[in-house]
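Q: Please go through this model and say what stands behind each label. To begin with, what makes two rings a pair?

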Amino acid sequence: IFAALRDNKKNKIESWDLSRQGINAEVAKVLAEYVSGSGVLKSLDVRCNKISGDAAQPLATAVLASPSLEIFGSVPLKELRANTLDKLGLSGKDLGVSEAL
């Protein structure tokens, strides 16, 4: 499904909450490809899934390289990139390996 959405020029998904969906390593790798090709996704939440190790790295890389992504889980990427944060409170936000990378 991610590949079909990525390749669809009419895809306008700006926010996607995939938290607590049981996403595993295999799905996370395909999701990373989707994020890499999406130019409209602004918010993605994959907290509380089974994403770790080798699957987390490609997803984190895709997230960091995505110019449109502003929020990843509860990480405010837009503000981090702009260096406009005075304080970053991530305690109790259920962040996983992919958000930490």
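A: Rings of Phe, Tyr and Trp (its six-membered ring) pair if their centres lie within 6.5 Å; planes under 30 degrees apart count as stacked, over 60 as edge-to-face and the rest as tilted. A search of the whole structure finds 1 aromatic pair. The model is predicted: local features need pLDDT of at least 70, side-chain atom pairs count only at pLDDT 80 or more, and totals for chains, interfaces and linings use all residues. Residues are numbered from 1 along each chain as its sequence is written, and side-chain values use heavy atoms, with hydrogens and water left out.

Q: Why is the pair of Trp 16 and Tyr 34 called edge-to-face?
A: The ring centres of Trp 16 and Tyr 34 are 5.4 Å apart and the planes stand at 80°, so the pair is edge-to-face. Trp 16 belongs to strand E1 and Tyr 34 to helix H2 (residues 25–37), so the pair ties together parts that are 18 residues apart in sequence. Helices (H or I, at least four residues) and strands (E, at least two) are DSSP runs, numbered from the N terminus. Both Trp 16 and Tyr 34 are buried, where buried means under 20% relative accessible area, exposed over 50%, and partly exposed in between (1.4 Å probe, protein chains only).

Q: Why does Leu 18 count as buried?
A: Leu 18 has 9% relative accessibility, so it counts as buried. Leu 18 lies in the loop between E1 and H2. Leaving aside neighbours within four places in sequence, Leu 18 is in contact (heavy atoms within 4.5 Å) with Phe 2, Ile 23, Leu 31, Leu 44, Asp 45, Val 46 and Asn 49. The C-alpha atoms of Leu 18 and Arg 47 are separated by 7.5 Å, although these two are 29 residues apart along the chain.

Q: What makes a set of residues a nonpolar core, and which members touch the most others in the largest one?
A: A nonpolar core is a set of buried Ala, Val, Leu, Ile, Met, Phe, Trp, Tyr and Cys residues joined through side-chain atoms within 4.5 Å. The largest one has 22 residues, of which Leu 18, Leu 31, Val 35, Leu 44, Val 46, Ile 51 and Leu 59 touch the most other members. H2 and H3 each supply at least two residues of this core, and the largest share, 5 residues, comes from H2. In soluble globular proteins, nonpolar side chains tend to be buried together.

Q: How do you know that the buried residues of H3 lie on the same side?
A: In helix H3 (residues 56–65), the buried residues are Ala 56, Leu 59, Ala 60, Ala 62 and Val 63. They cover an arc of only 160° around the axis, which puts them on the same side of H3; the arc is that of the directions from the helix axis to the C-beta atoms. Leu 64 and Ala 65 are exposed, on the face of H3 turned away from its buried side.

Q: What makes E1 and E4 the edge strands?
A: The open sheet of 4 strands has the order E1-E2-E3-E4, with mixed pairing. Strand E1 (15–17) and strand E4 (75–76) each pair on one side only, as edge strands do. Two strands pair if DSSP finds at least two bridges between them. Strand E2 (residues 43–45) and strand E3 (residues 71–72) are joined by 2 bridges and run parallel. Leu 44 stands opposite Phe 72 in E3.

Q: Why is Cys 48 called partly exposed, and why is Asn 83 called exposed?
A: Cys 48 has 35% relative accessibility, so it counts as partly exposed. Asn 83, at 67%, counts as exposed. Cys 48 lies in the loop between E2 and H3, and Asn 83 in the loop between helix H4 (77–82) and helix H5 (97–100). Phi is positive at Cys 48, near 60°, and at Asn 83, near 55°; Cys 48 is a residue other than glycine, and so is Asn 83.

Q: What makes the chain as compact as a globular protein of its length?
A: The chain has 5 helices and 4 strands. Its radius of gyration is 13 Å, close to the 13 Å that the globule rule gives for 101 residues, so the chain is as compact as a globular protein of that length. The radius is taken over C-alpha atoms, and the rule is 2.2 Å times the number of residues to the power 0.38. Of the 101 residues, 36% count as buried.
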